[in-house]
Amino acid sequence: MKRAPDMCRSIFRSTGMIHDNRFAGEACNLLFMTIDSSQSVLSIVLMMKGNYIKGGRFMIRIIIHGCNGQMGQVVGRMAAADPELEVVAGIDISDHRENLFPVFRQIGDCDVEADAVIDFSSAQSVDGLLAYCVKNSVPCVLCSTGLDEAQLKKVEEASKQVAVLKSANMSVG
């Protein structure tokens with residue numbers, strides 16, 4: 001895994017967990033040392049915000065934006081297999097799959113509290129996603145591709161208010 005202390009510091013600061021860059025850097029170094037190569041940067045972002053207990057266990061509540069697409073389904077299966085993750089909602093314009101969580105057609109309709117949003121949708125839905133994340137102070141892992149220049153500027157602006165990890169490639173290798 002590549003080290004990304006500046007990105008990590010930014011995430012820590014935007015989530016309000018650590019306000020001093022020196023301490024954020026130390027926390028990031030510890031965090032990166034504890035993550036093995038089978039975990040992705042996605043895991044880092046999710047560890048930042050999760051903070052509730054269910055059944056005596058620490059749980060991270062996630063919304064999968066694009067839950068019925070191929071990658072959304074992969075994320076859903078991975079989350080279901082992880083005892084520390086709970087998919088609390090999905091967002092998708094398609095309702096052709098059965099899910100174990102409520103699915104909303106638009107993220108603005110979602111009234112479920114979450115610790116992070118994982119996005120594998122399309123460029124057309126990114127503006128609404130960013131507005132939701134900023135409004136609700138929910139960190140976002142943004143994996144949609146095909147964003148235009150105006151959307152990339154919106155991503156940059158949103159990242160000043162809430163943690164946004166933008167990556168078009170979430171592969172481990």
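Predicted model: local features only at pLDDT ≥ 70, side-chain atom pairs only at ≥ 80, totals over all residues.
First, the overall picture. The protein chain has six helices and seven strands. Reading from the N terminus, the order is α-α-α-β-β-α-β-β-β-α-β-α-β. The chain has 173 residues, and 44% of them are buried. Its accessible surface is about 9600 Å², with 51% of that belonging to carbon and sulfur atoms. If we take the contacts with a separation of 6 or more, 57% are between residues 24 or more positions apart.

Next, one pair of helices. Two packed helices are described by the angle between their axes and the distance between the axes. Here the helices are α5, residues 126-136, and α6, residues 149-158. Their angle is about 10 degrees, and the axes lie 10 Å apart. That makes α5 and α6 roughly parallel to each other. On the α5 side, the contact uses V126, D127, L130 and V134. On the α6 side, it uses Q151, K154, V155 and A158. Sorted by type, these residues are five nonpolar, one polar and two charged.

Now the charged side chains. Side chains of opposite charge can pair when their charged atoms come close. D127 forms a salt bridge with K154, and their closest N and O atoms are 3.4 Å apart. D127 sits in helix α5 and K154 in helix α6, so this pair ties together parts that are 27 residues apart in sequence. K154, at 41% relative accessibility, counts as partly exposed.

How many salt bridges are there in the whole structure? The search finds four. Another one joins the side chains of R61 and D115, at 3.0 Å from N to O. R61 belongs to strand β2, residues 57-65, while D115 is in the loop between β4 and β5, and the two are 54 residues apart. Both R61 and D115 are buried. With E113, they are linked in a network of salt bridges.

E157 and K160 also meet in a salt bridge, at 3.2 Å from N to O. E157 counts as partly exposed at 44% relative accessibility, and K160 counts as exposed at 58%.

Terms used: Residues numbered from 1 in each chain as written. Heavy atoms only, no water. Helix = DSSP H or I, 4+ residues; strand = E, 2+ residues; numbered from the N terminus. Buried < 20%, exposed > 50% of the residue type's maximum accessible area, 1.4 Å probe, protein only. Contact = heavy atoms within 4.5 Å. Areas by Shrake-Rupley, 256 points an atom, 1.4 Å probe, with all protein chains shown as cover. Axes fitted to C-alpha atoms, helices over the stretch in contact; angles between N-to-C directions. Parallel < 35°, antiparallel > 145°, perpendicular 65-115°, else oblique. Nonpolar A, V, L, I, M, F, W, Y, C, P; charged D, E, K, R; others polar.
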